[in-house]
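Trainee: I would like to go through this model with you and ask, for each label attached to it, what the label rests on.
Mentor: Then let us take the labels one at a time and set each value against its cut-off.

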Amino acid sequence: MVGICSFAISSFAATWDMPTPYPDKTFHTINIIEFANDVEKATNGNLKIKIHSAGSLFKHPEIQKAVRGGQVPIGEFFLSLLSNENAVFGADSQPFLATNYQEADKLWKAQKPVIEKLLDKQNLMPLFSVPWPPQGLYTKKPINSVDDLKGIKFRAYNATLEKFANLVGAAPTQVEVPDIPQAFATGRVEAMITSPSTGANSKAWDYISYYTDIQAWLPKNIVVVNKRAFRKLSKADQTAVLAAAAAAEKRGWEMSVKETAAKTAILKDNGVTIVTPSKELMSGLKQVGEEMLKDWKEKAGTEGNVLLEAYNN
């Protein structure tokens, strides 16, 4: 009887290929590798997750579609990349809506139920989400006011940041994380808003001189699973995956907090000037943020209002 049970268990063993957009040393990827290890242990080897990092299996913009279409059962991507599908996906990338971890956590609690319903229609289920550190401004020259951004070639990685660049008079250019150093080196971009993590990992000191700590927003990555693939797992293995996901979310948020201090220190140690933003700059940026939120509310409609009401209460 034991032999039959063992055979039955082993016959359902599976390996899930998991594309992720960021390199192995990025804390998000480190966390996901630990998640995969937890899943393998908790399922007694019934489920192994093979990580394909740095866009090696699918490029970042393709990952959600690959999971949705069943080309892979699981994947990670930047949540607000989906904001073109529905503005609600971009709530965490609204400038100056949530600017610290406590606010970001509250926003995620408000955002998650709405996102779950939207992803369910795509045969997807969110497993966990982890924020990047607060976003700062990287430039070659000092930025003392919004006017100083006019005409600058500005890295954009989603529709929200494209709009932000346009509103401050900069020229948005789509550049993925692995291409940042080359984009600066060739003059395709001259400035960007991103986390201390991405800045340090891409050795920003090689191409910029100033990091202005504007704490614009805390955007999140999300890990989703194809629901058909998830349903093929045994109930016990489903429970194990969900438990590992909950642990990964908690661990990932803690890693993000530590990352903020550690990576900002690395930038400073490598010669980047860490700048506290001027009142004039912050005033101008917040005006842009308020204008963008009005536009976002219109696009997000009822779902957006439900989200904001939950966040503000």
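Trainee: Leaving aside its neighbours within four places in sequence, which residues is A91 in contact with?

Mentor: Bearing in mind that this is a predicted model, the residues that A91 touches beyond its sequence neighbours are L97, L107, Q111, W296 and L307. A91 itself sits in the loop between strand 3 and helix 4.

Trainee: Why is A91 called buried?

Mentor: Its relative accessibility is 1%, and buried means under 20%, so A91 counts as buried.

Trainee: What makes Q215 partly exposed?

Mentor: The value for Q215 is 32%, which lies between the 20% limit for buried and the 50% limit for exposed, and therefore Q215 counts as partly exposed. Q215 belongs to the loop between strand 9 (210-212) and strand 10, and apart from neighbours within four places in sequence it is in contact with F96, T99, P134 and Q135.

Trainee: How do you know that the side chains of Q215 and D213 are joined by a polar contact?

Mentor: The distance for the side chains of Q215 and D213 is 3.4 Å, and the cut-off for such a pair of N or O atoms is within 3.5 Å, so this pair is counted as a polar contact.

Trainee: What is the span of helix 4, and what span is expected?

Mentor: Helix 4, residues 101-120, has 20 residues and reaches 27 Å from its first C-alpha to its last, which is close to the 28 Å expected at 1.5 Å a residue.

Trainee: Which residues of helix 4 are buried, and what covers them?

Mentor: The buried residues of helix 4 are Y101, A104, L107, W108, A110, Q111, V114, I115, L118 and L119, and their cover includes strand 4 (124-131), strand 10 (220-226), helix 9 (235-269) and helix 10 (279-312).

Trainee: Which residues have the most contacts inside the largest nonpolar core?

Mentor: That core has 84 residues, and those with the most contacts inside it are F35, I49, L127, F128, F154 and F164. Helix 10 gives the most to this core, with ten residues. A second, separate core of 14 residues includes V175, A200, Y207 and Y211.

Trainee: What does L127 touch, leaving aside its neighbours within four places in sequence?

Mentor: L127 is in contact with F35, I74, V223, V224, V225, V241, L242 and A245.

Trainee: How many aromatic pairs are there, and why is the pair of Y22 and W132 called edge-to-face?

Mentor: The count comes to eight aromatic pairs. For Y22 and W132 the centres are 4.9 Å apart and the planes 75 degrees apart; the cut-offs are within 6.5 Å for pairing and over 60 degrees for edge-to-face, so the pair carries that label. Y22 lies in the loop between strand 1 (14-19) and helix 2 (27-42), and W132 in the loop between strand 4 and strand 5 (136-139), so the pair ties together parts that are 110 residues apart in sequence. Ring pairs also link Y22, F27 and W132 into a cluster.

Trainee: Why are Y22 and W132 called buried?

Mentor: The relative accessible area is 5% for Y22 and 4% for W132, and with buried meaning under 20%, Y22 is therefore buried, as is W132.

Trainee: What puts S256 in the buried class, and which atom of P131 lies 2.9 Å from a polar atom of its side chain?

Mentor: S256, whose place is in helix 9, has 0% relative accessibility, and the limit is under 20%, so S256 counts as buried. The P131 atom is the backbone oxygen, 2.9 Å from a polar atom of the S256 side chain. Leaving aside neighbours within four places in sequence, S256 is in contact with F27, Y101, P131, W132 and P133.

How values were computed:
Residues are numbered from 1 along each chain as its sequence is written. This is a predicted model: local features need pLDDT of at least 70, side-chain atom pairs count only at pLDDT 80 or more; totals for chains, interfaces and linings use all residues. Side-chain values use heavy atoms; hydrogens and water are left out. Helices (H or I, at least four residues) and strands (E, at least two) are DSSP runs, numbered from the N terminus. The expected span of a helix is 1.5 Å times one less than its number of residues. Buried means under 20% relative accessible area, exposed over 50%, partly exposed in between (1.4 Å probe, protein chains only). Contact means heavy atoms within 4.5 Å. A polar contact is a pair of N or O atoms within 3.5 Å; within protein, one must be able to donate a hydrogen and the other to accept it, and residues adjacent in sequence count only if both atoms are side-chain atoms. A nonpolar core is a set of buried Ala, Val, Leu, Ile, Met, Phe, Trp, Tyr and Cys residues joined through side-chain atoms within 4.5 Å. Rings of Phe, Tyr and Trp (its six-membered ring) pair if their centres lie within 6.5 Å; planes under 30 degrees apart count as stacked, over 60 as edge-to-face and the rest as tilted.
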